[in-house]
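Hi everyone, thanks for coming. Let me put a structure up on the screen and walk you through it.

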Amino acid sequence: MKANIYRPVDKYFSDKAEMAKKAEQEALRDKQKEKSLEENKIGEWQKLKELIRNEKDKVRICLLCRRKFASASHLSKHEKSSKLHSSNLLSFSKKIKKS
Ligand SMILES: [Zn+2]
């Protein structure tokens, strides 16, 4: 009877196979963990982006003149027709060209 004969070699290889299987499972688990972590990160980033967009919509600021406006139309009107803005824009573009 084959099965009754104790063969250390068989035990050795079955243990090896078991260990390899375990390691594979662990690696898979780690991968899944990493993946979910990555997805979490992306989710956080998207939330942040949305938040920034929302804040941008709420607060209308001309960064050049550092002035706040009540609405987007006020801001665009300022950008189109304000003398302060156009002079600021000019000096700003000069600064950029210099650097
Ligand atoms: Zn301005």
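Let's start in the loop between β1 (60-62) and β2 (67-69), where R66 lies. Helices here are DSSP runs of H or I with at least four residues, strands are runs of E with at least two, and both are numbered from the N terminus. R66 has a positive phi of about 55 degrees, although it is not a glycine. R66 counts as exposed because it has 8 C-beta neighbours inside 10 Å; the cut-off for exposed is 12 or fewer other C-beta atoms within 10 Å, for buried 20 or more, with C-beta atoms placed from the backbone.

A word on the source: this is a predicted model, and local features need pLDDT of at least 70. Residues are numbered from 1 along each chain.

Stepping back, the protein chain has 3 helices and 2 strands, running α-β-β-α-α from the N terminus. Buried residues make up 0% of its 99 residues. Helix α3, residues 83-98, is hardly covered too, with a buried count of 0 among its 16 residues.

Note on methods
This is a predicted model: local features need pLDDT of at least 70, side-chain atom pairs count only at pLDDT 80 or more; totals for chains, interfaces and linings use all residues.
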